Amino acid sequence: MTDDRINIAWMYPDTLYLHGERGNIMALVRYTMELGLTPHVRRIDLGTEDFDPFDYDILFYGPGEISSFRSVIDDISGYKHSLAEYISSGRILIAVGTTVALFGEKIVRWAPENDKNDVIDGLCIINTEAYERELVYGNDLDIRAEYGGYSMELIGSQIQMADYGFTENDQFKRFGSVIYGRGNNGSDGIEGAVHVNSIFTNMLGPVLVNNPWLTVRIIRTAAEVKGLEISKRDPEFTLERKSMKLKKQFIESKMNS
Amino acid sequence: MSSIRFFIALWVSKLSVIVINIIAKGRGTNLPGQVALRIDPLFVQHMKGIDPDKAVFVTGTNGKSTTVNLLHHVFTSSGKKVCANLDGANMLTGVATALIKDSGLSGRIRSEYVVMETDERYLKFIRKQLPAHQLIITNIQKDQTQRNGEPGVISRKITEALGPDLTAFVNQDEPRSFALGESAGRAVSYAVKENSKSYHKESDFFSVTMPCARCHEPIVFHAHNIENIGPFVCPSCGYGGERKADYLVDEVDYEGHTFTSSGRKYQFNFSTPYFLYCYISVLAAAKEMGLSEDQIAHGFETFSDLRGRLATKSIAGKTLNYIKMKQENPETIQSSLNLVAEDKEDKIFLFGLDETLDYYPAFTNTLALFDVDFRPVLRSGLNHFVCMSKAIGRAAAVRMMYDGFDPDHMTVIPASYEEDVAGALEPLDDKPVYLVEEIPYYKKPKKQN
């Protein structure tokens, strides 16, 4: 029997739950089917005992509350080494919003002056430290991203609870360059990071719904890593392109004001 | 020196009240307080005659204004004098303004009781100057992401204001606010039993709940009385299932407009479950502050919220049922969608989705679209969907497409100006029309030239 399945793990859906990220899982399912493959999604909760990253082609980690991070890190620690191997092998992990910080070296929580900052040790999978902001930053995020050998414009929302930065090198490259918005820290013009085929991005909410051209790139990359052939062409994305145009006009009006 | 500064602040701000009443009556819910606090930053602290035992704050995401208005009414209908910020100006400046209006030239307030709506983020600063000993917490939900980020930020802000001198009235049916009781000197819990309008969410693959405030495992709701509020338990650590609430709505008769609590029947002049939480929290606070059940019952009998959330309007020859959202967050949107879905006839649904502006600049926020579930509306019978928005109308159309609604039956218009809405409705079949929108947006009846 030919395996045409793309296996997707929806990581901690009730804990990393903040901004309607189930839309991203729906988008992965929708476009896997549109490309002629069979999506198979499993929810992975805290304490799921038989979880092995290598059973999946795509792992999706949505944004969660920082107060939950210790519980999530404890759980991931049980499979941390195989997760690092999974990423190195070219399989895909997607982490969005503040959850990116989980995969860095540490998360330093904001504290009033003279109070001691609480520090949460991260998973040390990407070379960055995250610093919780005193004030939340919320705005549109418009970037030029490079992924799967393609360049594409992506628009989404950024609700920045923590800033971070990293040095680009052979292993870690920027996910995108900021056209409008903050990106990783508001100063270096870099948005997110890509490590092999895994994406770490501040762009959150229904990113894969709003930017389906990225979604099909992710699915095509996952299929290629798995050795699956896709003969179908990309869908037209008519409604999504019209939607993006309206947002782009709105962002441009802000840039010009 | 400080008392001179206080009196200058008081008298200048009182003068500003008079001037505002002459030139813009009905406004000035913050300005006099701003003036006073500019002159004397500790102005509220310097006010005289406030008894912290007779002062109560109301905070939380949804329901603050109705709760404050109801509590104010219950006290005043019992013959008590109450100083309150009924217009919803809930920052320190709004609190100061209410006190200025209630005080004489000596800075002593005339009222015996103080009831104030307080913004969650500024509660700590307000309480520093006016140390009320009672706090009603309505609920803590995802809201104003541009400034709050996540609900945990709000929990933390409220916690900073709690202390051993405070009695917190906490909603036992709402996991985040119930947890705050542990940080108060005393916690009094209130809740609503599952009733005829409670519902169970569809437990399908894409359903999500929320993490437990203690152990971060998924919470399980036995039922939702309103969206994400209802009897719950954490199966992992038992949080939420420990005890009976101190004040509980036992039974509700929506048609007869009554509810019972501890065997006593109270009048309830609404038909939506949302208000039950306002009533039971007010019952708890008023009773704990010394009012008798008879006095409270009398107040409930005579209360009506004049700013109701439901209205009708005739437009393009069709009757439009308008469900107003005071603020736009997943819970208020879902509650509104559930109301629309109660009508099982084929209908036209208009949805106003504004760009978000909690802080400048506004942004094209589509985060809530996949937090809420449109399927109850689709299943109840949807003929046509009209989305009104400058920048994210088509994003809402995409959302409906994901729930299987045919894009040929969708219209996107750039705004909810009356002529735009009329133009969108005019070619459509004669069906019941529902409009769900945040209140301020709909206030613009004509296009601005």
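1. Let me start with a pairing in chain B: B:Phe349 stands opposite B:Tyr434 in strand 18 of chain B. Strands here are DSSP runs of E with at least two residues, helices are DSSP runs of H or I with at least four residues, and both are numbered from the N terminus. Strand 15 of chain B pairs with strand 18 of chain B in the parallel sense over 4 bridges; two strands count as paired if DSSP finds at least two bridges between them. This is a predicted model, in which local features need pLDDT of at least 70 and side-chain atom pairs count only at pLDDT 80 or more, while totals for chains, interfaces and linings use all residues. Residues are numbered from 1 along each chain as its sequence is written, and chains are lettered from A and ligands numbered from 1 in the order in which they are written.

2. Strand 18 of chain B has another parallel partner, strand 14 of chain B, joined to it by 6 bridges. In strand 18 of chain B, B:Val433 is the residue that B:Leu320 stands opposite. Strand 18 of chain B is mostly covered, with 5 of its 6 residues buried. For burial, other C-beta atoms within 10 Å of a residue's own are counted, with C-beta atoms placed from the backbone: 20 or more is buried, 12 or fewer is exposed, and in between is partly exposed.

3. B:Lys324 is worth a look while you are in strand 14 of chain B, where it lies. It counts as partly exposed because it has 19 C-beta neighbours inside 10 Å.

4. Helix 15 of chain B (residues 418–425) has B:Val421, B:Ala424 and B:Leu425 buried. Seen down the axis of helix 15 of chain B, the buried residues fall within an arc of 95°, so they line one face of the helix; the arc is that of the directions from the helix axis to the C-beta atoms. The strands of chain B they pack against include strand 14 (318–325), strand 15 (347–352) and strand 18 (433–438). Contact here means that the C-beta atoms of two residues, placed from the backbone, lie within 7 Å.

5. Which residues of helix 5 of chain B are buried? They are B:Leu92, B:Thr93, B:Gly94, B:Val95, B:Ala96, B:Thr97, B:Ala98, B:Leu99 and B:Ile100. That is 9 of the 11 residues in this helix, which spans 92–102 and is mostly covered. Among the elements of chain B that cover them are helix 1 (2–23), helix 2 (31–39), strand 3 (113–117) and helix 6 (123–129).

6. On the overall build, chain B holds 16 helices and 18 strands. The C-alpha trace of chain B spans about 70 × 60 × 40 Å along its principal axes. Buried residues account for 50% of the 449 residues in chain B. Of the contacts in chain B between residues at least 6 apart in sequence, 70% join residues at least 24 apart.

7. Chain B is divided into domain 1 (48–301) and domain 2 (310–442), with bounds from an automatic or database domain assignment. Taken over C-alpha atoms, the centres of the two domains of chain B are separated by 29 Å. In chain B, 13 residues of domain 1 are in contact with 12 residues of domain 2. Helix 7 of chain B gives the most to the domain 1 side, with 3 residues. That side divides into 2 nonpolar, 7 polar and 4 charged residues. Nonpolar means Ala, Val, Leu, Ile, Met, Phe, Trp, Tyr, Cys and Pro, charged means Asp, Glu, Lys and Arg, and the others, Gly among them, are polar.

8. The contact between the chains takes 39 residues from chain B and 37 residues from chain A. Helix 14 of chain B gives the most to the chain B side, with 6 residues. The chain B side divides into 22 nonpolar, 10 polar and 7 charged residues.

9. B:Gln144, a residue other than glycine, has a positive phi near 45°. B:Gln144 is in the loop between strand 4 (134–137) and helix 7 of chain B. A:Phe237, also not a glycine, has a positive phi of about 60°.
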